[in-house]
Amino acid sequence: MSAWDYSLLWKEALNQIQKEVGEQEFSMWFNLEYIESTETIITVSVPSSFYKDQVKQKYQNFIEDKLFELVGKKLAIDFAITQKKANDQKTTAKKESSDIKIPDSFKAQQDAPKKVHTKHPQLRSDYTFDNFVVGDNNSFAANAAQAISKNVGSVYNPFLIYGGVGLGKTHLMQSIGNSIWVSNDKAKIICITGEEFTNEFIQSIHDKNPIAFKNKYRYADVLLIDDIHFLQDKPGIQEELFYTFNALYDNHKQMVFTCDRPVSELKSLSDRLRSRFERGLNIDLQPPNYETRFAILKHKVEAKSYFIPDEVIDIIAKNITSNVRDLEAALLKIFAYAELVKQEITLEVAQAQLKDIFTQPKQGNVTMDVIIKTVAEYFNLSNNEMKGKKKTKAVAFPRQVAMYITRDITEYSTTEVGIEFGGRDHTTVMHACQKIEEKLKSDPVLTATIQKLKRQIKEQSTKN
Ligand code: ADP
Ligand code: MG
């Protein structure tokens with residue numbers, strides 16, 4: 001298989017395009033099947049030269065922008081005219097492209113194994129694809145994970161999942177491990193955190209037995225390392241992982257990593273290791289939207305024997321927007337209460353029980369000062385400029401970003417934010433937030449910038 005297989009990316013691009021252009025337009029103009037790719041060009045099929053000219057003219061830029069949005073680098077699209085065979089296969093379609101089968105439903109993941117499987121010692125048995133609810137925020141990553149577990153070492157290697165806490169990185173990574181384990185319990189699967197990996201390495205040096213450590217990792221079939229951000233500022237272990245990486249990569253062994261931020265933002269990471277991480281597929285997990293939050297809660301309720309009415313699930317999904325771990329915490333509280341008092345969980349009971357969780361400030365210790373300072377520094381402005389009267393774009397935009405972040409991660413009202421930002425009216429703050437929200441919908445670079453700023457602000461705030 002060629003090193004550049006963008007078939008999954010193409011599928012995801014089509015998914016998103018379908019939502020944007022609508023059913024009719026989509027079925028008319030996006031009958032474009034993936035054929036093959038190089039590092040920078042994706043070739044897809046078109047049925048005729050007429051169709052090709054039309055699609056090129058109407059949609060080439062649109063499609064290329066979409067691809068850019070998804071992978072963060074420029075990919076060109078090339079159209080190849082193909083005739084349909086009787087069996088509906090494209091004549092020029094590469095044989096390998098059928099290797100990747102993305103199932104419609106995660107439920108249909110594996111042929112139900114008849115054999116009873118022992119649990120893998122390092123994997124949580126409940127971290128499976130079956131238990132992972134797929135929504136807009138994670139479908140790209142979940143599909144890739146699924147493809148990897150069916151094409152171990154050959155489709156996306158390494159696969160790196162990144163994103164904030166509690167969004168399902170560990171769950172998804174271990175699902176790959178469990179899925180491989182179910183189909184082949186001879187596979188040597190190692191699942192470890194960056195921290196454990198580091199400690200083991202240090203111990204092996206201390207015990208004067210580094211060979212055992214090297215052998216353990218370099219002969220793995222599947223290596224899953226969680227939270228690799230732990231390796232920042234640790235050149236020794238980075239070097240070790242670099243060699244392990246090369247050994248596994250050369251032998252087509254699958255590697256999966258998770259990280260709390262994009263690799264490009266890891267601090268003090270050797271360039272050569274960074275480039276290794278970036279070599280395969282890097283996908284982020286976003287916080288789930290309301291529908292997905294609801295679906296996740298519903299899934300977790302159904303796994304228990306309690307009855308929890310939908311209206312209770314609804315208020316939890318509405319009030320807790322941060323991440324899945326927080327959703328689970330709220331649900332656990334309800335379960336615990338139900339068990340204890342053996343009382344039916346009504347909306348009133350749930351509201352009373354969850355009052356504290358719902359009213360907790362989102363980021364108790366974040367002050368506007370820290371936000372203003374962090375954003376100002378990032379854009380190379382002074383705090384005074386952020387609060388001042390100047391309306392040039394170079395100042396107005398960072399100011400809007402800071403206002404948006406303040407509203408997003410603190411409990412300050414628009415009035416309070418306005419006062420702090422040089423005595424502005426609360427409608428100005430609202431307007432700023434709307435503008436940024438609008439921009440975020442189509443600007444992945446801004447999304448990444450804001451995530452980075454939020455992380456810095458949080459780091460700053462926990463230090464104080
Ligand atoms: P992270 O590693 O990103 O911090 P975890 O994988 O530990 O997050 O997920 C936190 C909790 O949320 C886990 O209990 C996990 O099972 C659950 N979870 C996360 N995403 C989903 C999802 N899409 N569907 C079901 N459960 C999820
Ligand atoms: Mg984790």
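Select the residues that line ligand 1: by class, this shell has seven nonpolar, seven polar and four charged residues (Ala, Val, Leu, Ile, Met, Phe, Trp, Tyr, Cys and Pro count as nonpolar, Asp, Glu, Lys and Arg as charged, and the others, Gly among them, as polar). This is a predicted model, in which local features need pLDDT of at least 70 and side-chain atom pairs count only at pLDDT 80 or more, while totals for chains, interfaces and linings use all residues. Residues are numbered from 1 along each chain as its sequence is written, chains are lettered from A and ligands numbered from 1 in the order in which they are written, and side-chain values use heavy atoms, with hydrogens and water left out.

**Ligand 1**

Within the shell of 18 residues, display Val133, Gly166, Thr170, His171 and Glu328, which come nearest to ligand 1; a residue is near a molecule or strand if one of its heavy atoms lies within 4 Å of it.

Next, show the polar contacts (pairs of N or O atoms within 3.5 Å; within protein, one must be able to donate a hydrogen and the other to accept it, and residues adjacent in sequence count only if both atoms are side-chain atoms). At Val133, a backbone N or O atom lies 2.8 Å from a nitrogen atom of the ligand. At Gly168, a polar backbone atom is 3.0 Å from a ligand oxygen atom. Arg325 places a polar side-chain atom 2.8 Å from an oxygen atom of ligand 1.

On its own, ligand 1 has 560 Å² of accessible area, of which the protein covers 94% (Shrake-Rupley method with a 1.4 Å probe; for residues, only the protein chains shown count as cover). Colour helix 5 (169–183), helix 10 (290–302) and helix 12 (324–341), the elements that give two or more residues to the shell. Helices (H or I, at least four residues) and strands (E, at least two) are DSSP runs, numbered from the N terminus.

Contact means heavy atoms within 4.5 Å. Axes are lines fitted to C-alpha atoms, for helices over the stretch in contact, and angles run from 0 to 180 degrees between N-to-C directions.

**Two backbone details**

In the loop between helix 4 (139–150) and strand 4, select Pro158. The peptide bond from Asn157 to Pro158 is cis, with omega near -5°. Asp227, in the loop between strand 6 and helix 8, has a positive phi of about 60° although it is not a glycine.

Finally, select the open sheet with order 1-2-3 and mixed pairing. Strand 1 (33–37) and strand 3 (76–81) stand at its edges. Strand 1 pairs with strand 2 (residues 41–46) in the antiparallel sense over four bridges, and Glu33 stands opposite Ser45. Helix 1 (residues 7–21) packs on this sheet, touching strand 1, strand 2 and strand 3.

Definitions and conventions. Pairing = 2+ DSSP bridges.
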